[in-house]
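Colleague: Could you walk me through the pockets of this model, with a close look at the biggest one and what lines it?

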Amino acid sequence: MNTDSLGRMGEESAASYLCGKRFRILGRNVHSRHFETDIIAANDQYIIFAEVKTRRAFPASCHPFGRPAAAVTPRKQERLIAAAADYLQKHRESLAGLQPRIDVIEVYISPCTEEYKVLHIEHLPGAVRRRTTT
C-alpha cells in the first residue's frame, strides 16, 4: 500500500469517526488558494477543519517520525488557518452561529500487515490556533 492510498484510507477512517461523533461531513479534500483541507465537518456547535495524519504504528510506540500531529508544521498550520478563513468567508451565511475550529486527527493502523486495520484514532480538537504576537 503506497502513502497516497494509506492517506486516503486514513481520511475515510477519520470521516467515519467524525460521523460517529454526530458531525456531518461538508467536504473532503477541499481546495482553496492556500491549501487542501482533508475534511470539513459540522455539528450544531462547531465547524471543524480537520487535518488527518495516518501512521503505521501502535499508538503508544515510538515512531521514527514522531506523533502524526508533529507533521503539522508551523507553515502547514498557517496554510490551514488561511484555508479555513477562505472557506468561512465564502460560506458565512450558511455557517452563521457555528464556532470554527481546526483539529488534527491521528489515525494509527497496524504496522505488521499489509491489511488496513485501524488500531486507534486520536482526535485533537483545536490543535491549530492562530498565533498571537505581543
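Pocket linings

Modeller: H1 supplies the largest share of the lining of the largest pocket, six residues. This is a predicted model, where local features need pLDDT of at least 70 and side-chain atom pairs count only at pLDDT 80 or more, while totals for chains, interfaces and linings use all residues. Residues are numbered from 1 along each chain as its sequence is written, and side-chain values use heavy atoms, with hydrogens and water left out.

A pocket here is an open set of points on a 1 Å grid over the protein atoms alone, where a 1.4 Å probe fits, with protein on both sides within 12 Å along at least five of seven lines; lining residues have an atom within 4 Å of a point. The largest pocket has about 380 Å³ of volume, meaning the space filled by probe spheres set on points joined across faces, edges and corners. Its lining takes in 15 residues, with Thr3, Leu6, Gly7, Val52 and Lys53 nearest the centre. Two or more of the lining residues come from each of helix H1 (3-20), strand S2 (36-42) and strand S3 (46-56); helices (H or I, at least four residues) and strands (E, at least two) are DSSP runs, numbered from the N terminus. By type, the lining of the largest pocket splits into eight charged, four polar and three nonpolar residues. Asp, Glu, Lys and Arg count as charged, Ala, Val, Leu, Ile, Met, Phe, Trp, Tyr, Cys and Pro as nonpolar, and the others, Gly among them, as polar.
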